[in-house]
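Here are my notes for your first look at this model. Keep the sequence and the 3D view open as you read.

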Amino acid sequence: MNVEVFRTDVKNSDHARGLIDIIHDFFPGCYANFDLDDCDHILRIKSFQADINSRNIVDLLAYHGYSADVLEDEVIPEVKSLR
């Protein structure tokens, strides 16, 4: 399974539901959901079949009047034990 997370400017739940339907139509095998309560208005997409083309997702949202940016994984450095 592949997961990609985006920061968006989608704030309306009706618009989010419409975008989810569009994403599901354009990208079969993907599951999308929004977390509009998060300060970044997160769009999370899971794919059970193929890699997720982030550029295509960003372009699709832009076509519908919204912006999206990939949220990079935050790597936390390993802490060595002081023992």
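Which residues are buried in α1? Keep that question in mind; this is a predicted model.

1. **The helix itself.** Helix α1 covers residues 13-26, which makes 14 residues. From first C-alpha to last, α1 reaches 20 Å. That is close to the 20 Å expected at 1.5 Å a residue.

2. **Its buried residues.** Ala16, Leu19, Ile20 and Ile23 are the buried ones in α1. Look down the axis of α1: the buried residues fall within an arc of 105 degrees, so they line one face of the helix. An α-helix has 3.6 residues a turn, so residues three or four places apart point the same way.

3. **The start of α1.** Asparagine 12 caps the N-terminal end of α1. One of its side-chain oxygens lies 2.7 Å from the backbone nitrogen of aspartate 14.

4. Histidine 41 sits in the loop between β2 and β3. Its phi is positive, about 45 degrees, although histidine 41 is not a glycine. Most residues other than glycine have a negative phi. Histidine 41 has 15% relative accessibility, so it counts as buried.

5. Cysteine 39 counts as exposed, at 67% relative accessibility.

Note on methods. Residues numbered from 1 in each chain as written. Predicted model: local features only at pLDDT ≥ 70, side-chain atom pairs only at ≥ 80, totals over all residues. Heavy atoms only, no water. Helix = DSSP H or I, 4+ residues; strand = E, 2+ residues; numbered from the N terminus. Expected span 1.5 Å × (residues − 1). Buried < 20%, exposed > 50% of the residue type's maximum accessible area, 1.4 Å probe, protein only. Arc of directions from axis to C-beta. Polar contact = N/O pair within 3.5 Å; in protein donor to acceptor, adjacent residues only side chain to side chain.
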